[in-house]
Amino acid sequence: MLDVTKLKKARPSYIRKSMYGPATETGLPAMRAADLPGMVALPVQSLFPDIPKAIYIEGDNLAPIRKATEAALAGVDMSKIKPDSSVNILTSQYGFMIMGGFAYREMVRTIKEIVEQRTGCTNIRLRIATGFRLKEPEEIIEHYGLAEMFDGKVSPALYIDRAVAIETPIGKLMGIRKIYDADYIIHVHHGELRELDMHRMISRTMKPFSMSYARFETRSVHHMNFGPRSSNLIPRLIFESPFVQEKFTFGVFLAASPQGVVGVEAGNDLMPIDRRLMLLAFKSYGKIRELYNEIKDCVCVMDGTGEPRYMVGGGTTFGNLLEAELDLFDLDTVPISLGFGLYQPPPTQPKLKAVNPAIRAMVMNHFWIGVPQLELATACPMVLVGEEMFKLVKEDCMNIEMSKHVVTAESLPAAVHFAKKVAQTDKVIVFDGAYGAITCSEALADHLIKRAPEVSRRVEEEMMPKWLRQRGLDPSEAL
Amino acid sequence: MVQINYRAEVIPEKCTGCVDCVFVCPTLAIKMEARKAVIDESKCVACQNCIGICGDDAIVKLERAEPMERHVDYQSVDQERVLEICKRANIHPMQWLCLCTATRAREGAAAILNGATTPEDMALATGTRSGCTVYCAMMSMRLLKAAGVNLPPAFKWHLFDTTQTLWDVPQDVIDKYSDYFLVEDKDVFRKF
């Protein structure tokens, strides 16, 4: 068994500066949570050796990403694209958050260059879709030098901007015109788990068609007007519409596990990719999610780029700890969802709160605003680090009540000290964007090391067979 | 009670008159005068859509001298009628109308009973659409339609009347996509 005292120091992901983060002098936090005394990096590999291994982790040379993209594209038919065609490469903001964003950037660059080489087409434009942070695409374009990469042919695609109507079997749904304003589109996304409570690994590869690439009315149809399982029909109906099919050429996905980027998937048909990414998700995230379910009390420290729900700890987004007590790969499970107004859980479900009760307190060292998340502050004690963070929260128009439910500490050590006292636990987990290892306190590392073997057994023998059977797959053959 | 502490203001020297901001304002508070955008402060809910769409950085957020307060007392109207509108919309009265401002659907129904006939009226009455402006637009449209209001055609690309719900999916689609839990999720809604 691992000795926690011999674990290495954690290596958090770097933080990208943004107008949506706290306006500290440097735009960055004064201290990273990994630098707190007693924090360690618990390697995911040591807990679950069978989790798919990475070909790239933040800071590595990007050559494996290029190589994997080239290999994935080798079997893709690009004959639709002619030398005089116009092509939009469609990207989403979250891809640029994964491990600092440079793997996604490299994949995008490789796709552009290969399409140019194979088709002779030079009118290739980049479109960057986003969530609620409307200026984020502009920040991404500047930070990653995308205007230079695309000879200036790059543009944000905002959900409030001009529309295009898409006929579907349930009537007109609204796409963003800038997404579809080319002869052809290339769908470039990722296969990270991100928000399982929403997509449930149902039509995962298509989800951006009713989110990133859709106007806000259609994003709301998806999130507010359907249940957490049925909502995933909306992207499929849009994707299968004659309008989209006429433009769609192929999709490319950065495949990830808690270890890092594990490869690149590409194809003209999204259905087989959907299946492969689903199996990868079971193998990659099934055990980590269930391990998070073994945390019965903890303090969570938010210390990275983006909104808390999508901040990564141990290669897995915080949203998965928020919902850890529910097995969301199990399609019989119905979580509290936007469709249900986040008001109360459906009958017969055990979960009573929007936030996992194991999260006894939260410390916000660095995060971005830009998503409604009041329930985090109302469900558990929340400590903000520094006056700049408080100002950010106070001025956040998407959480106007939040500042009434928080306290502010002057430094990260003071905030964590206070949170531990309130939570009455010395188990601390940090969401700092790190892959390959969980940044946590020694006490939590010790607990997780002890629980991992039983988690492994439970997932392999009880949970995963059910997930597979529910999707019509034979457990003895599928993996 | 929704307290709006900020407002948007145009910097005329930077405004190029592109009109992009006019169509993204959830309360239609922006008009063009002499080819410059002008914001009606009394209608600005400080959502920042105009700031987000402006490619010229010609709109800024400023603190209001006095906060603007918005609130609808759902108890001031006939509760049976509130329930009836929510029921017809297939929305629980306690569901969030707006997550950003923590406003419930029953307050939206009450705003309609108090005379709101458009999503913009509802936003100005309740203070919703002052945050992300996204989810509350859908809920407002559903409540208005359930109250028998015919939504007007979209003002350019301001807001499109596309409110398909689980309840509107045709049977042939339900049958074709049986692995999407359409029937089962409807059941969950009914119990809920």
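Is B:Ala102 buried or exposed, judged by the other C-beta atoms within 10 Å? In this predicted model, B:Ala102 is buried, with 20 other C-beta atoms within 10 Å.

**Residues with positive phi**

- B:Ala102 is not a glycine, yet its phi is positive, near 55 degrees.
- B:Ala102 lies in the chain B loop between β5 (96-98) and β6 (103-104).
- A:Arg194, likewise not a glycine, has a positive phi of about 50 degrees.
- The loop that holds A:Arg194 runs between β7 (184-190) and α7 (196-199) of chain A.
- A:Arg194 is buried, because 23 other C-beta atoms lie within 10 Å and the cut-off for a buried residue is 20 or more.

**The sheet of chain A**

- An open sheet of seven strands in chain A has the order β1-β17-β16-β10-β13-β14-β15, with mixed pairing.
- Its edge strands, β1 (39-43) and β15 (406-409) of chain A, each pair on one side only.
- From one strand to the next, the twist averages 30 degrees.
- Within chain A, β16 (residues 428-431) pairs with β17 (residues 437-441) in the antiparallel sense, over two bridges.
- Opposite A:Ile429 stands A:Cys440 in β17(A).

**Helices packed on the sheet**

- Helix α14 (residues 387-394) of chain A packs on the sheet and touches β13 (359-366), β14 (382-385) and β15 of chain A.
- The direction of helix α14 makes about 120 degrees with that of β14(A).
- Helix α15 (residues 412-423) of chain A also packs on the sheet, touching β10 (298-303), β13, β14, β15 and β16 of chain A.
- The direction of helix α15 makes about 170 degrees with that of β13(A).

Notes. Residues are numbered from 1 along each chain as its sequence is written. Chains are lettered from A and ligands numbered from 1 in the order in which they are written. This is a predicted model: local features need pLDDT of at least 70, side-chain atom pairs count only at pLDDT 80 or more; totals for chains, interfaces and linings use all residues. Helices (H or I, at least four residues) and strands (E, at least two) are DSSP runs, numbered from the N terminus. A residue is buried if 20 or more other C-beta atoms lie within 10 Å of its own, exposed if 12 or fewer, and partly exposed in between; C-beta atoms are placed from the backbone. Two strands pair if DSSP finds at least two bridges between them. Axes are lines fitted to C-alpha atoms, for helices over the stretch in contact, and angles run from 0 to 180 degrees between N-to-C directions. Two residues are in contact if their C-beta atoms, placed from the backbone, lie within 7 Å.
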